[in-house]
Amino acid sequence: MNESLTVEQQQELLEKFDPEAGTRKLKGPTKHIVFFGLLAFSLFQLYASITQVFPKQILLSIHLGFALSLIFLLFPANKKARDKNKTTWYDMILSVLSVGVGIYWPLMMDDIVNRVGIMTTLDFAVGIIAVLLVLEATRRAVGLPIMTISLLFLIYAYFGPYMPGFLAHRGLDLEDLVKTMFFTTEGILGTPLSVSATYIFLFLLFGAFLVKTGVGQYFNDLAVAIAGKRIGGPAKVAIFSSALQGTISGSSVANVVTSGSFTIPMMKRLGYKKEFAGAVEAAASTGGQLMPPIMGAAAFLMVEFIGGISYWDIAKAAAIPAVLYFTGIWIMTHFEAKRIGLRGLTDEEMPNRLEVLKKIYLLIPILTVVILLMLHMSVMRAALWSIVSAIIISAFNKETRMNFRTIIEALVDGARTALSVAAATACAGIIVGVVTKTGLGLKLANGLVDLADEKLLLTLFFTMITALILGMGSPTTANYVITSTIAAPAIILLGVPQLAAHLFVFYFGIIADITPPVALAAFAAAGVAGGEPIKTGVNSAKLAIAAFIIPYMFVLQPDMLMIDTTLPKIIWVVITAIAGMTAIGAGMIGFWYRKMQWFERIIAVAAGLMLIYPEGITDIVGIILFLGILALQIWFKKESGTPKMNASI
C-alpha cells in the first residue's frame with residue numbers, strides 16, 4: 001500500500017506550517033496578472049544580473065516593488081481568506097501603492113541626490129508608506145514574529161531617551177526614522193535586500209530550474225540506491241536525500257514535506273515509530289541549509305556582513321561541520337535501528353542501480369556551481385552559468401528536457417519562491433537600520449559579555465539561547481540578520497574569528513526549526529507521519545544533538561573551519577569529532593553493540609564530550625574512555641541477545 005502524500009496533502013501541510021506557502025488559488029484576470037508579474041520579475045532580475053547597469057538604489061527599489069505588489073495579490077490578509085480565489089479591493093490598492101514605492105527611486109533619483117538628504121513632504125509620505133507596506137507584506141508572506149520584532153525595533157528607535165540603563169539613546173524623530181529606513185542604504189534598501197536582489201534570487205531561480213529537470217526525485221532514487229539496503233535503510237535514505245535536497249530548497253519545512261512524503265511512510269513500514277520517523281526527516285531536512293555548496297539564504301548575507309571573504313570561503317568553512325552534523329544523525333539512526341532490530345530494504349524494494357547511475361549527469365549543474373566557486377568566479381556569474389548548465393543537461397533525456405513552456409514555468413516558480421525572501425530581507429533591513437543608527441549592536445554585545453562575566457563558554461550559551469528564541473517561527477535570513485548584529489559581536493569581542501562567530505549564530509538560527517516548543521520542521525514532519533508534534537520535536541532535537549555541539553567545537557577549535565590550519569590538524573579534529581559523536585549517539589540511544597546499562601551510557605556521553613572538546617588532555621581521557629566502553633560492549637555482546645544482522649552502517 002502506498003502511503004505517500006498526494007500533492008494536495010503536501011500543499012495542505014506546507015500551508016499549515018509554512019507561511020510562505022499560504023498563497024491564494026487565483027482565477028481569472030488576476031491570475032494572469034500575477035503570472036506575468038512573476039515572469040517579469042525573473043526577467044528583470046536576469047537582465048539586471050547580466051548587464052549590471054542599474055545603480056543600487058534603483059535595483060533594490062524595483063526588486064522591492066515587484067515583491068510587495070505580488071505579495072499583496074498572492075497572500076491573503078488572514079488564513080480564513082486563503083481559500084478565496086479573488087483578491088480584495090484593499091489588496092489591489094496595496095499592490096498599486098507597492099508599485100508606486102518601487103518606481104519612486106527610479107523616477108526621483110536625480111532629485112533625491114541633488115537635495116543631499118533634505119526630504120520633501122512627498123518623500124516623507126512615500127517613506128512611511130514603504131515602511132508600512134514592508135511590515136504588512138512580511139506579516140502575510142513570512143509570519144507575525146519577524147514583523148513584530150521589526151516593529152519593536154522601530155519603537156525602540158523613536159523612544160530612545162525613555163529606555164532604561166545602557167539601552168537609552170538620544171532617539172530618532174519620525175523624519176529621521178523615515179529617512180534612515182527608505183532614503184539611505186542602512187535601512188530597507190540596505191545589505192539584506194541587496195543580497196536578496198542579487199545572490200539569493202539567482203540561486204532560488206537555479207533551484208527552480210533543477211526541480212524542472214527532475215533532480216529532486218533523482219536525489220531520492222540515488223539515496224535509496226546508496227543507503228537503502230543498510231540497517232534501517234529508509235532512515236538513512238531520508239538523511240542522504242535531505243542533505244541533497246538542501247541544495248535546491250531554502251526551507252526546512254518545504255524539505256520535510258517534499259522528501260518526507262517519500263521517506264517517512266517507508267520508515268514506518270519498516271518498523272520505526274511515527275515520532276522517530278518524523279524526527280529523522282525533520283533533523284535531516286533542517287540540516288539541508290547547512291550543506292554546501294548551496295546553503296541557506298543567510299549564507300549569502302554572511303558574505304556581505306563579514307566582508308573581505310568570498311562565498312566559497314564560507315562554503316569551504318561549513319563543509320566539515322555539515323558532514324559532522326549528518327554523520328551524527330546517521331550514527332544515531334543506525335544505533336536505533338540496531339536496538340529495535342530493523343532491517344534494510346529488500347532487493348525487490350530497491351531501484352535498479354544501473355538505471356539510477358545512468359542519470360548521474362543530473363548532478364552536473366550542482367558540480368558546475370562547486371567548480372565555478374572554487375575558481376573564484378563571482379557568486380552571481382556562477383549562479384547564471386549554473387542555470388544555463390541545468391537547461392543544457394536537461395536536454396540529455398527527453399523525460400527531463402526543458403522546452404519553452406517549462407523554462408517559463410521555472411522562471412515563474414523561482415520568482416514566486418523569492419517573494420517571501422525579499423519581504424524578510426526588507427524587514428530585516430529595518431532592524432539593521434535601527435541597530436546602526438542607535439549603536440544598539442555594540443551596547444547589547446557589551447551587555448552580553450558583561451552578563452557572562454567575560455567567559456567565552458557562558459557568552460556562547462547566552463548567544464545560543466538568543467538565536468534559538470529568535471529562530472522560533474522566524475525565517476533563517478531574518479534570524480541571522482538579528483543575531484549577527486546583536487549577538488555575534490559579543491563573541492567577536494572575546495577574540496573569536498568573525499567567520500566562526502557568524503557561523504555559530506547561523507547554525508542555531510537554523511536548528512531552531514527542530515527545537516521545541518516551536519519546532520516548525522518537526523511539526524510538519526509529525527503531520528506527514530501522523531505522530532505527536534511535541535514528541536517528534538523532542539526526538540528530532542535529540543537526533544540533532546550534534547548540531548548543538550558542533551558550533552561550540554568550531555568556535556573553540558577553528559581548525560574545523562579550515563581557517564589558518566594544516567591538513568594533519570584537520571584530520572585529527574575530524575577523527576576525534578566522529579569518535580565523540582559515535583559515543584554520544586550510543587549513549588543517547590542506549591545501544592552500541594548491545595543494550596547499554598545506565599552507567600555505560602553516562603561514560604559514553606562523557607567520552608564523547610571529551611573527544612569533541614579541543615584540548616590535548618581531554619582527547620587522551622576521551623580516547624581511554626571510548627576504547628574502554630567499546631571493549632566492554634564487544635566483550636559482553638554475546639550475552640546481550642543482540643539480533644543477528646549485517647552490521648553495515
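**Notes on a predicted helical model**

1. Let's begin with T180, which sits in helix α7, the stretch running over residues 174-182. One thing to keep in mind throughout: this is a predicted model. T180 has a relative accessibility of 4%, so this residue counts as buried, the cut-off being under 20%.

2. What does T180 have around it? A polar atom of the T180 side chain lies 2.9 Å from the backbone oxygen of D176. If you set aside the neighbours within four places in sequence, T180 is in contact with E186, G187, G433 and K437.

3. On to a pair of helices. A helix pair like this is described by two things, the angle between the axes and the distance between them. For α12 (residues 274-287) and α14 (residues 311-340), the axes come within 10 Å and cross at roughly 165 degrees. That angle makes α12 roughly antiparallel to α14, since anything over 145 degrees counts that way. The crossing in which α12 passes α14 is left-handed.

4. Which residues make the contact between α12 and α14? From α12 come F276, V280, A283, A284, T286 and G287, while α14 brings Y325, F326, I329, T333 and E336. Sorted by class, the contact of α12 with α14 has seven nonpolar residues, three polar and one charged.

5. Next is helix α13, residues 297-306, which is mostly covered, with eight of its 10 residues buried. If you want to pick them out in the structure, look for A297, A298, A299, F300, L301, M302, V303 and I306.

6. Where do α20 and α21 meet? On the α20 side you'll find A467, L470 and G471, and on the α21 side N479, I482 and T483. By class, that contact has three nonpolar residues, three polar and no charged ones.

7. Now for a loop residue. V53 is found between α2 (28-51) and α3 (56-74). Not counting residues up to four places away in sequence, V53 touches Y47 and A48. As for a residue elsewhere in the chain, A423 is 370 residues away along the sequence, and the C-alpha atoms of V53 and A423 are separated by 24 Å.

8. Last stop: helix α24, residues 520-529, mostly covered, with eight of its 10 residues buried. The buried ones are A521, A522, F523, A524, A525, A526, V528 and A529. Just after α24, G530 takes a positive phi of about 75 degrees.

Note on methods: Residues are numbered from 1 along each chain as its sequence is written. This is a predicted model: local features need pLDDT of at least 70, side-chain atom pairs count only at pLDDT 80 or more; totals for chains, interfaces and linings use all residues. Side-chain values use heavy atoms; hydrogens and water are left out. Helices (H or I, at least four residues) and strands (E, at least two) are DSSP runs, numbered from the N terminus. Buried means under 20% relative accessible area, exposed over 50%, partly exposed in between (1.4 Å probe, protein chains only). A polar contact is a pair of N or O atoms within 3.5 Å; within protein, one must be able to donate a hydrogen and the other to accept it, and residues adjacent in sequence count only if both atoms are side-chain atoms. Contact means heavy atoms within 4.5 Å. Axes are lines fitted to C-alpha atoms, for helices over the stretch in contact, and angles run from 0 to 180 degrees between N-to-C directions. Angles under 35 degrees count as roughly parallel, over 145 as roughly antiparallel, 65 to 115 as roughly perpendicular and the rest as oblique. A crossing is left-handed if the near helix is turned anticlockwise from the far one by less than a right angle, and right-handed if clockwise. Ala, Val, Leu, Ile, Met, Phe, Trp, Tyr, Cys and Pro count as nonpolar, Asp, Glu, Lys and Arg as charged, and the others, Gly among them, as polar.
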